[in-house]
Amino acid sequence: MGRPKITVVGAGNVGATCAHWAAARELADVVLVDIVEGMPQGKALDLMQARPIFGFNVEVVGANDYEATRDSDVTIITSGIPRKPGMSREDLINTNKNIVAEVTRQVMAKSPNTFIIVVANPLDAMCYVAKKVSGLPRDRVMGMAGILDTARFRCFIAMELKVAVEEIQAMVLGGHGDEMVPVVSATNISGLPLTDLLPEARINALVERTRKGGGEIVALLKTGSAFYAPAAGAVQMAEAILKDQRRLMPVSAYLTGEYGLHDLFFGVPVILGAQGIEKIQIVKLSAAEEALLKSSAAAVAKTRDELKM
Ligand SMILES: NC(=O)c1ccc[n+]([C@@H]2O[C@H](COP(=O)([O-])OP(=O)(O)OC[C@H]3O[C@@H](n4cnc5c(N)ncnc54)[C@H](O)[C@@H]3O)[C@@H](O)[C@H]2O)c1
């Protein structure tokens, strides 16, 4: 039995880091594809040369075409331009729509049964492009955002309480934009409600920092956007599928009526396993959270409509 295969399209910051995390965890052989000649090959060779040091035994290859991607089990699409300071994710729509559509066509020609995990922004709209172009069922096309947004929230809470990050359970739902919804009512620290451990004003500040978490990093970096944690999120999704982990995680999924939403990719809790999205979980939210989710959905629907697909 061969090893599973992950294709990562776009060998920039997020893509190369996906290859790094996936290879270091010996999750699969990795094919790194980019339009820039030599760059994916160079990064792949560099990663191959790290194997004797840390002792991981998978193959990493770089390519400018899709031949090596044939029969990929999972494809992570990171190709697209990132934000610059002052830009919103939505500002990327036209450029990235064309890139994601073209890439999806190429991926499907070689791997018609792959699972697609989209990372390119604006995330929920780019998932829509990948689903429309691929024609894949909804269990096979999904977006990575909620895991990242949740990780940011967990990280900020852990920093505030000076507690290990693993103790923080939380979930951020909704669109991957500044209107995302950190679900405070579902947040706990080893079972203890967050609301018992921090005053409301501090919780609100952490929620706000989470919502602007991507922008905070864009402003610090000045060129490009976050990549270590986004790549970790995408690789965690690939791992849940490849190892049939049935993890319950927030994922951008295609909704057909769940949460009262239709024909929209939106961040919701799903069970992720060998069949991809195996279940969309419905959670009870407070009235305030429900209102926030509605306004986030309206923003995502507006961007989807701009795609004109
Ligand atoms: N969903 C999330 O939470 C999240 C988090 C971080 C970044 N992102 C998004 O991910 C995308 C990538 O970010 P990055 O920091 O890696 O950017 P980057 O500029 O470092 O890398 C993008 C790569 O895509 C390549 N590319 C462009 N067109 C291509 C094509 N047609 N085929 C193959 N490769 C192509 C570029 O050559 C470049 O190497 C951006 O859209 C960014 O906004 C999303």
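Author: In this predicted model, Lys 131 lies over the face of Tyr 254, and the distance from the ring centre is 5.0 Å.

Reader: Which residue has its charged end over the ring of Phe 115?

Author: Besides the contact of Lys 131 with the face of Tyr 254, there is a charged end that sits over the ring of Phe 115, 4.0 Å from its centre. The residue that carries this charged end is Arg 140.

Reader: Are the rings of Tyr 254 and Phe 265 stacked, edge-to-face or tilted?

Author: A pair of aromatic rings is described by the distance of the centres and the angle of the planes. For Tyr 254 and Phe 265 the centres are 5.4 Å apart and the planes stand at 55°. Planes under 30 degrees apart count as stacked and those over 60 as edge-to-face, so the pair of Tyr 254 and Phe 265 is tilted.

Reader: Which strands hold Tyr 254 and Phe 265, and how many bridges join S12 to S13?

Author: Tyr 254 belongs to strand S12 and Phe 265 to strand S13, eleven residues apart, and both residues are buried. Strand S12 as a whole is mostly covered, with seven of its ten residues buried. S12 and S13 run antiparallel, and the number of bridges that join them is ten.

Reader: Is Phe 227 buried or exposed?

Author: Phe 227 forms a tilted aromatic pair with Tyr 228, 4.6 Å centre to centre. Tyr 228 has 55% relative accessibility and counts as exposed. Phe 227 has 19%, and because buried means under 20%, Phe 227 counts as buried.

Terms used: Residues are numbered from 1 along each chain as its sequence is written. This is a predicted model: local features need pLDDT of at least 70, side-chain atom pairs count only at pLDDT 80 or more; totals for chains, interfaces and linings use all residues. Side-chain values use heavy atoms; hydrogens and water are left out. Buried means under 20% relative accessible area, exposed over 50%, partly exposed in between (1.4 Å probe, protein chains only). Helices (H or I, at least four residues) and strands (E, at least two) are DSSP runs, numbered from the N terminus. Two strands pair if DSSP finds at least two bridges between them. Rings of Phe, Tyr and Trp (its six-membered ring) pair if their centres lie within 6.5 Å; planes under 30 degrees apart count as stacked, over 60 as edge-to-face and the rest as tilted. A charge sits over a ring if NZ of Lys or CZ of Arg is within 6 Å of the ring centre and within 35 degrees of the ring normal.
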